[in-house]
Amino acid sequence: MSYLVQINRLSGHEDIELPKKMSALASGFDLYAAVDAPVTLAPGERKLIPTGFAIAMPAGLEAQIRPRSGLAFKHGITCLNTPGTIDADYRGEIKVLLINLGQESFDIARNERIAQMVFQSVPEVQLEEVDQLSDTVRGIGGFGHTGKN
């Protein structure tokens, strides 16, 4: 199934690359930093990085903001709220909450790839309040209930 997502490049960011897939079968669109000047992320520091665009998605679709694996592996740069959710009714600028989990400061330059955006279908869900839930083998077993690993 194919969806049409409208994208609006924000004023002052005409030089910023629009999101794009870096290979034919990639699921994510790379996002680029729309910072006015280089931004430094010190170890343990987090900052909200603008991308210079906004989108309009149809109902039933969401965009998830996820880290780039290369930045995470090489520098410890990741998204703090992973995945970040962009709802279909949001029309503001897409921003990426980055954190430096590495041991060295990291500089983010204008038009540098900082994250990726993956689109997902959102099912229509209705919640029904009940007095009791059905039993399962797992039951209420939660965090770590299956063993040490």
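Me: What do buried, exposed and partly exposed stand for here?
Reply: Buried means under 20% relative accessible area, exposed means over 50%, and partly exposed lies in between (1.4 Å probe, protein chains only). The model is predicted, so local features need pLDDT of at least 70 and side-chain atom pairs count only at pLDDT 80 or more, while totals for chains, interfaces and linings use all residues. Residues are numbered from 1 along each chain as its sequence is written, and side-chain values use heavy atoms, leaving out hydrogens and water.

Me: Why is N81 called partly exposed?
Reply: N81 has 43% relative accessibility, so N81 counts as partly exposed. N81 sits in the loop between β7 (77-79) and β8 (84-86); strands here are DSSP runs (E, at least two residues), numbered from the N terminus.

Me: What makes D87 partly exposed?
Reply: The value for D87 is 42% relative accessibility, so D87 counts as partly exposed. Its place is the loop between β8 and β9 (95-100).

Me: How do you know that β6 and β8 pair?
Reply: Two strands pair if DSSP finds at least two bridges between them. Strand β6 (residues 61-66) and β8 have 3 bridges, in the antiparallel sense, so they meet that cut-off. I65 has G84 in β8 as its bridge partner.

Me: Why are β2 and β8 called edge strands?
Reply: The open sheet has 4 strands in the order β2-β11-β6-β8, with antiparallel pairing. β2 (29-32) and β8 each pair on one side only.
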